[in-house]
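Reader: I should like to go through this model with you, term by term. Please set each value against its definition before you conclude.

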Amino acid sequence: MRKTLFCLYCSLFCCVSSLAAISETDSLLKQLDEAISKRPYCLKAKENRLHELRLRLYPGMPDEERFLRLGDLLEEYRLFNADSSLAITQERLRLAQKLDNHEYLDNARMNLAEVMGIAGMYKEALEQMGEVSLDSLPRYLRTYYFHNLRILYSWMADYVILSEEKTRYRKLMDIYTDSLLEHRRIERDTLFYAMNRSQHYNQSGRYDEAIRLMGPYLEAGDIHYKAIAAYTLSESYKLKGDTEQEKKYLAMSAIADMQTPVLEYAALPRLAVRLFHEGDVERAYTYLKLCMEDAVACNARLRILEILKIFPIVNDVYQLQIQKRQRQMGWALASISLLSFFLILAVVYARRQMKRIEQARREVEYANNRLKELNGELHRSNAMLKEANRSIAENSYLKEAYIGRYMDQCSVYIEKIDEYRHLLNRLAASGNVQELYKTLKSTKFIEKELKEFYAGFDDTFLQLFPTFVEDFNALLMPEEPIVPKPGERMNTELRIFALIRLGITDSVKIARFLHYSVTTIYNYRTRVRNKAAGNREELEKRVADIGKMDL
């Protein structure tokens, strides 16, 4: 039995988790659509930043300063325009050669190789990397060296046709991944190290370790770092077979790419392909169309080839859907036109018939209206009289019951006060000041009397309205009943609405009666209204009608 319950619980938990993940993914897709709609503003800001950086390259500036400022400009252009990036890296290479600075020269060659790789010029990129001497590189540039070779061989492995070449490139990629991780051991807390370690885990099938490693970097302050972290997580979930989580992190990465903004990215094309296979053709077409436009604007040949593999298929399906909708709209328009024709005929016929009876209807309309007015006035008078009589009878009944009850209560209180006075008198006469002070300070007497007072109120009220608790709970949602504790007939919430039933609706008076603050009474009323089965604003009005038929 326990095993069965455990299995049911696990199944329920999985279903709830799956629904939550789908809801979160839908929300992220809406955020992505909004980010795409606002992207022109982001691109405008990007262009302004690029313009500011270009203005800093004034004529006649020192070559070394120009080399460094071109590096800042390259960072902005790197994933934004391959042609501009290529021109900048070539100029940096010329400046490095002119300065005869080997460190600048190696850095410029690796910049050029990276940009060539983005543009799909793998052979040229490897030639540039071959010009770099690893032995003479400073430590901070060795990381860049290993990273460039790893990325180049990764791209070549993805797009080569022959399986033997694909295997060879993947082995080279693994070699440079290991070199990169070994070189950056002292930087374990950086995103760059975590990304490469995560990809290494993915290649070895250790997906959960990759996910745990990259998770904290989603909160990175740099939005571009967030895009990298989310994309790396999506790869882990893809390899793990969790498509919902893959879509979620692809959407997060794409949102960050749109906000950066960049024109060369990987998350949005993959997300579009995933949505296409799931049947969301319209959204997939929109995303891929944007990807193609950005890839062409960036001149990212690698990305263009990637998108061209799937875009024609998506476009064909999308066009077929549009044609199908157009045919449906054509049939709908024809049907509407035919129905409109018959409707016009019916209207003409109806107008002719209406003209024939219009005169007769006018003659009886005045008499009917007058009769309705008189009947309405009579009904209103009867209803007001009935309501007044019922209210008078109910108030008389309630007053009679409560006057008798509270006259007895007052008599009992007078006797108890007299007994309390005798007790205090005895303590004073005996000179026991400490005991007298302790008795005066104690609230037990008041608490006991309040408890008996509320118990008496509960008894009297439930004698007048025996089914009040059941009737009141029937006004609430089935899963939110108000049930008194064992030994109690009513609790605070029920007493508040019992007073409302008696006509006491002022929170100040209710607070004074129940010895609570006005804020507490307001909170109780609000909390109970939120449990109402119907319109919560009408709950108190419906409570005031409880028991009226009985009276």
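Reader: Which residues are buried in α3?

Author: In α3, the buried residues are R66, F67, L70, G71, L73, L74 and Y77. Buried means under 20% relative accessible area, exposed over 50% and partly exposed in between, with a 1.4 Å probe and protein chains only. The model is predicted: local features need pLDDT of at least 70, side-chain atom pairs count only at pLDDT 80 or more, and totals for chains, interfaces and linings use all residues. Residues are numbered from 1 along each chain as its sequence is written, and side-chain values use heavy atoms, with hydrogens and water left out.

Reader: What do the buried residues of α3 pack against?

Author: They pack against α2 (39-55), α4 (82-99) and α5 (102-118), where contact means heavy atoms within 4.5 Å.

Reader: How do you know that the span of helix α3 agrees with its number of residues?

Author: Helices are DSSP runs of H or I with at least four residues, strands are runs of E with at least two, and both are numbered from the N terminus. The expected span is 1.5 Å times one less than the number of residues. Helix α3 (residues 63-77) has 15 residues and should therefore span 21 Å; its end C-alpha atoms are 20 Å apart, which agrees.

Reader: What makes R92 a charge over the ring of F67?

Author: The rule asks for NZ of Lys or CZ of Arg within 6 Å of the ring centre and within 35 degrees of the ring normal. R92 lies over the face of F67, at 3.9 Å from the ring centre.

Reader: Why is the pair of Y153 and Y176 called stacked?

Author: Rings of Phe, Tyr and Trp (its six-membered ring) pair if their centres lie within 6.5 Å; planes under 30 degrees apart count as stacked, over 60 as edge-to-face and the rest as tilted. The count by this rule is 16 aromatic pairs. For Y153 and Y176 the centres are 5.9 Å apart and the planes are at 5°, so the pair is stacked. This pair links distant parts of the chain, with Y153 in helix α7 (residues 139-159) and Y176 in helix α8 (residues 163-183), 23 residues apart. Both Y153 and Y176 are buried.

Reader: Why are F457 and F461 also called stacked?

Author: Their ring centres are 6.1 Å apart and their planes are at 20°, so this pair is stacked. Both lie in helix α17 (residues 444-464), 4 residues apart, about one turn of the helix.

Reader: Why does F457 count as buried?

Author: Its relative accessibility is 1%, so F457 counts as buried. F461 is buried as well, with a relative accessible area of 0%.
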